[in-house]
Amino acid sequence: MANTTSAKKATRKIARRTDVNKARRSRVRTFVRQVEEALASGDAAKAKEAFLAAQPELARAASKGVLHANTASRKVSRLAARVKALSVGATA
């Protein structure tokens, strides 16, 4: 357990940051899940719309340090490829 005043304050700060980061991570997962569900349903328009909403959310999480920049980039790239494949398959 923390003994010094500065250590006690640090634990309070860490707890606050943890709560904020959990909320951000949960928000990102929700947006990604919406894209996944739209892809599973086969609705290309809905998937594209959900993807366009998820993209800035992933970028924001990366900029805030919740996700590593490369992780966010990889997720965006893979989702984009799947959305594109669905929309190409729908028009063909």
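Reader: What do the numbers rest on?
Author: The model is predicted: local features need pLDDT of at least 70, side-chain atom pairs count only at pLDDT 80 or more, and totals for chains, interfaces and linings use all residues. Residues are numbered from 1 along each chain as its sequence is written, and side-chain values use heavy atoms, with hydrogens and water left out.

Reader: What makes R27 and E57 a salt bridge?
Author: The term requires a side-chain nitrogen of Lys or Arg within 4 Å of a carboxyl oxygen of Asp or Glu. For R27 and E57 the N to O distance is 2.8 Å. That is within 4 Å, so the pair qualifies. R27 sits in helix α1 (residues 5–41) and E57 in helix α2 (residues 44–64). The two are 30 residues apart, so this pair links distant parts of the chain. Helices here are DSSP runs of H or I, at least four residues, numbered from the N terminus.

Reader: How many salt bridges does the rule give?
Author: The count is four.

Reader: Why is E57 called buried?
Author: Buried means under 20% relative accessible area, exposed means over 50%, and partly exposed lies in between (1.4 Å probe, protein chains only). E57 has 8%, so E57 is buried.

Reader: Is R27 buried, partly exposed or exposed, and what makes it so?
Author: R27 has a relative accessible area of 46%.

Reader: What makes E57 and R60 a salt bridge?
Author: Their N to O distance is 3.0 Å. That meets the salt bridge rule, so the pair counts. Both residues lie in helix α2, three residues apart, about one turn of the helix. Shared partners join R27, E57 and R60 into one network of salt bridges.

Reader: Why is R60 called partly exposed?
Author: R60 has 41% relative accessibility, which lies between the cut-offs, so the label is partly exposed.

Reader: What makes A7 partly exposed?
Author: A7 lies in helix α1. Its relative accessibility is 26%, in between the cut-offs, so A7 is partly exposed.
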